[in-house]
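Keep the viewer open while you read.

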Amino acid sequence: DGVSSLWSEYLAGFHATGLGSGASAPPYLAVIALLATVLGGQVWLAVDVLLLGCVPLAGITAYLAARRLVTAMSARVLLAASYALLPVAIGAVAAGRIGTAVTFAILPAIAVNAGRMLTSAPRAAQRAAWATGLLVALAAAFTPLVWLAAALLTAVAVIVRRWLWPVRRVDAAIVVGTPFLLLFPWSVHLLASPSALLGEAGLPL
């Protein structure tokens, strides 16, 4: 086992699910393996960092996102603390649901970049679209449903763009297409088996 086995499983493109399914290995294995490599090859430490670190990281991302909403630092701190301490984060840590924990921590960053994409000038909006797509890909690596949610919300934004926001189709394509490319070939497996979208990275307790 260990970090080398994680890399081997991911790079081999074979994930032993059920009775030897040939489905592509989920990309969250690569994220955990990379983090474990940085932490000296300790997979357990990487998992603990993702789980236990989701609360402070969520607070940081929420604080940074709140700068677009409020100017008072005390209000931003209150909003960030309130978000970080929501029951969903505590429940995810207690249940070992890495997917929920990582998504919870990244969600404010996704939201703020999506907001910039909708409200900025074309060049800045495209940069925000790339950032949104990359963050959605990272979250979807752990919780695939994030990709579906982002695709649906992006489609809605394009449909109502004449009345609300001038969303460019190229920006929408970036948000939806970036996760597909970065998570390939696993993304193809998700499209072929939609039920897989309901899964997430987690730990059996």
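## Ground rules

This is a predicted model, so to speak a calculated one: local features need pLDDT of at least 70, side-chain atom pairs count only at pLDDT 80 or more, and totals for chains, interfaces and linings use all residues. Residues are numbered from 1 along each chain as its sequence is written, and side-chain values use heavy atoms, with hydrogens and water left out.

## The overall fold

The protein has 11 helices and 0 strands; here helices (H or I, at least four residues) and strands (E, at least two) are DSSP runs, numbered from the N terminus. Reading along the sequence gives the pattern α-α-α-α-α-α-α-α-α-α-α. The radius of gyration is 18 Å, close to the 17 Å that the globule rule gives for 205 residues, so the protein is as compact as a globular protein of that length. That radius is taken over C-alpha atoms, and the rule is 2.2 Å times the number of residues to the power 0.38. Along its principal axes, the C-alpha trace spans about 50 × 40 × 25 Å.

Buried residues make up 40% of the 205 residues. Buried means under 20% relative accessible area, exposed means over 50%, and partly exposed is in between (1.4 Å probe, protein chains only). The protein exposes about 11000 Å², and carbon and sulfur atoms supply 72% of that; the areas come from the Shrake-Rupley method with a 1.4 Å probe, and for residues only the protein chains shown count as cover.

Now for contacts, where contact means heavy atoms within 4.5 Å. Among contacts between residues at least 6 apart in sequence, 63% join residues at least 24 apart.

## The α8 and α9 pair

Two packed helices are described by the angle between their axes and the distance between the axes. Helix α8 (residues 122-142) and helix α9 (residues 145-159) pack at an angle of about 140 degrees, with their axes 7 Å apart. That makes α8 oblique to α9. On this scale, angles under 35 degrees count as roughly parallel, over 145 as roughly antiparallel, 65 to 115 as roughly perpendicular and the rest as oblique. The axes are lines fitted to C-alpha atoms, for helices over the stretch in contact, and angles run from 0 to 180 degrees between N-to-C directions.

Which residues meet here? From α8 come V136, A139 and A140, and from α9 come V146, W147 and A150. By class, the contact of α8 with α9 has 6 nonpolar, no polar and no charged residues. (Ala, Val, Leu, Ile, Met, Phe, Trp, Tyr, Cys and Pro count as nonpolar, Asp, Glu, Lys and Arg as charged, and the others, Gly among them, as polar.)

Start with I110, in helix α7 (residues 98-119), and T132, in helix α8. Their C-alpha atoms are separated by 5.5 Å, with the two residues 22 apart along the chain. Leaving aside neighbours within four places in sequence, I110 is in contact with T132, L135, V136 and A139.

D171 is found in helix α10. Beyond its neighbours within four places in sequence, D171 contacts M117, A125, Q126 and A129. F180 is in helix α10 too, and, not counting residues up to four places away in sequence, F180 touches W147, S187, V188 and L191.

A58 sits in helix α4 (residues 54-66). Residues up to four places away aside, A58 touches Y83, A84, F104, A105 and P108.

Here is how accessible each one is:

| Residue | Relative accessibility | Class |
|---|---|---|
| A58 | 0% | buried |
| D171 | 1% | buried |
| T132 | 3% | buried |
| I110 | 11% | buried |
| F180 | 27% | partly exposed |
| A192 | 61% | exposed |

One backbone detail to finish: a cis peptide bond joins F184 and P185, with omega about 5 degrees. P185 lies in the loop between α10 (169-182) and α11 (186-192).
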